[in-house]
Each structure stands twice: as structure tokens, then as C-alpha cells.
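Here are some exercises to work through with the model open beside you. Try each task yourself before you read its solution.

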Amino acid sequence: MKKIEAIIKPFKLEEVKEALATLEISGMTITEVKGYGRQQGHTELYRGAEYVVDFIPKLKIELAVTEEMVDEVVQKIAAAAKTGKIGDGKIFVSSLEKIIRIRTLEEDREAI
């Protein structure tokens with residue numbers, strides 16, 4: 001079992017969701033996050049005052065998949081989230097030791 005975390009631009013969420021729907025992904029968690037990478041934030045003007053935006057708003061998608069699905073899921077997310085510009089985001093893949101569905105106590109593959 002693997003956990004996939006993807007940090008993407010907020011306006012790309014619908015495209016990523018539709019791409020994952022083609023793989024019959026049954027669920028995911030979306031969190032609003034802020035951060036920066038190479039962008040290092042930027043300066044904006046608001047009512048004539050200049051201010052620095054240190055952390056850029058992003059979305060974090062989390063989902064659990066079987067090991068067989070990892071490559072396909074990662075490719076779908078990357079293709080749907082890509083704009084070709086700096087700040088497109090990152091995808092992290094990590095191992096899951098155990099998954100338990102609280103309602104039924106099903107474990108691992110059955111709990112996805």
C-alpha cells in the first residue's frame with residue numbers, strides 16, 4: 001500500500017479530480033495549504049501599499065492506492081496538474097504500513 005501526496009495549484013483541482021476518476025479512485029482528501037519552493041513568494045500591490053506574499057496558496061491531495069496503481073496515478077496527477085510554469089507543485093509517494101476503515105474494521109486493500 002502506498003500513500004500519494006500531491007501539492008498542486010488550486011485551479012488545477014478539477015482537472016486532477018477528473019483524471020483520477022478515470023482510474024476509479026474511490027476517495028481522496030483535499031487540504032488547503034500554503035508554502036513556497038523556488039518561487040520564494042512574491043510582492044503584490046493592494047490599495048497602493050506593497051506587501052510580500054511569502055507563502056503561496058496550494059492544495060494538498062492525499063490518497064491511498066495499491067502498489068500496482070502508483071505509477072499510473074502519479075502520471076495522471078502530473079499530467080493534469082502541469083502548467084509548465086514554476087510552482088506547479090510536487091508529488092510524494094510513501095509506504096503505508098496499515099489502513100483500517102473505522103466503520104467496518106476492514107484492513108488494507110479492503111479499506112481503500
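**Exercise 1. The chain as a whole**

Among contacts in the protein between residues at least 6 apart in sequence, what percentage join residues at least 24 apart? Then describe the overall dimensions.

Solution. 

Step 1. Before you start, note that this is a predicted model: local features need pLDDT of at least 70, side-chain atom pairs count only at pLDDT 80 or more, and totals for chains, interfaces and linings use all residues. Residues are numbered from 1 along each chain as its sequence is written, and side-chain values use heavy atoms, with hydrogens and water left out.

Step 2. The percentage is 71%, where a contact means heavy atoms within 4.5 Å.

Step 3. Turn to the dimensions. Along the principal axes, the C-alpha atoms fill a box of roughly 55 × 25 × 20 Å. The radius of gyration is 17 Å, while a compact globule of 112 residues would have one near 13 Å. That radius is taken over C-alpha atoms, and the globule rule is 2.2 Å times the number of residues to the power 0.38.

Step 4. Finish with the surface. Of the 112 residues, 29% count as buried. Buried means under 20% relative accessible area, exposed over 50%, and partly exposed in between (1.4 Å probe, protein chains only).

**Exercise 2. Building the sheet**

List the elements from the N terminus on, then work out the strand order of the open sheet.

Solution. 

Step 1. The protein has two helices and six strands, and the elements run β-α-β-β-β-β-α-β. Helices (H or I, at least four residues) and strands (E, at least two) are DSSP runs, numbered from the N terminus.

Step 2. Four strands form an open sheet in the order β2-β5-β1-β6, with antiparallel pairing. Two strands pair if DSSP finds at least two bridges between them. β2 (29-35) and β6 (89-95) are the edge strands, each pairing on one side only. On average, neighbouring strands of this sheet are turned by 20 degrees against each other, direction ignored.

Step 3. Now walk across the sheet. Seven bridges hold β2 and β5 together, and Gly-35 has Ile-56 in β5 as its bridge partner. β1 and β5 are joined by seven bridges, with Ile-7 opposite Lys-60 in β5. Between β1 and β6 there are seven bridges; here Glu-5 has Phe-92 in β6 as its bridge partner.

Step 4. α2 touches β1, β5 and β6, and its direction makes about 5 degrees with that of β1. Axes are lines fitted to C-alpha atoms, for helices over the stretch in contact, and angles run from 0 to 180 degrees between N-to-C directions.

**Exercise 3. What is covered, and by what**

Find the buried residues of helix α1, then look at strand β5 and at Ala-6.

Solution. 

Step 1. In α1 (residues 13-21), the buried residues are Val-16, Ala-19 and Leu-20. Seen down the axis of α1, they fall within an arc of 95 degrees, so they line one face of the helix. The arc is that of the directions from the helix axis to the C-beta atoms.

Step 2. Their cover includes β1 (2-8), β5 (56-65) and α2 (70-81). β5 is itself mostly covered, with seven of its ten residues buried.

Step 3. Ala-6 lies in strand β1 and counts as buried because its relative accessibility is 0%. Beyond its neighbours within four places in sequence, Ala-6 is in contact with Leu-59, Lys-60, Ile-61, Ile-77, Lys-90 and Ile-91. Ala-6 and Gly-89 are 83 residues apart in sequence, yet 7.3 Å apart in space, C-alpha to C-alpha.
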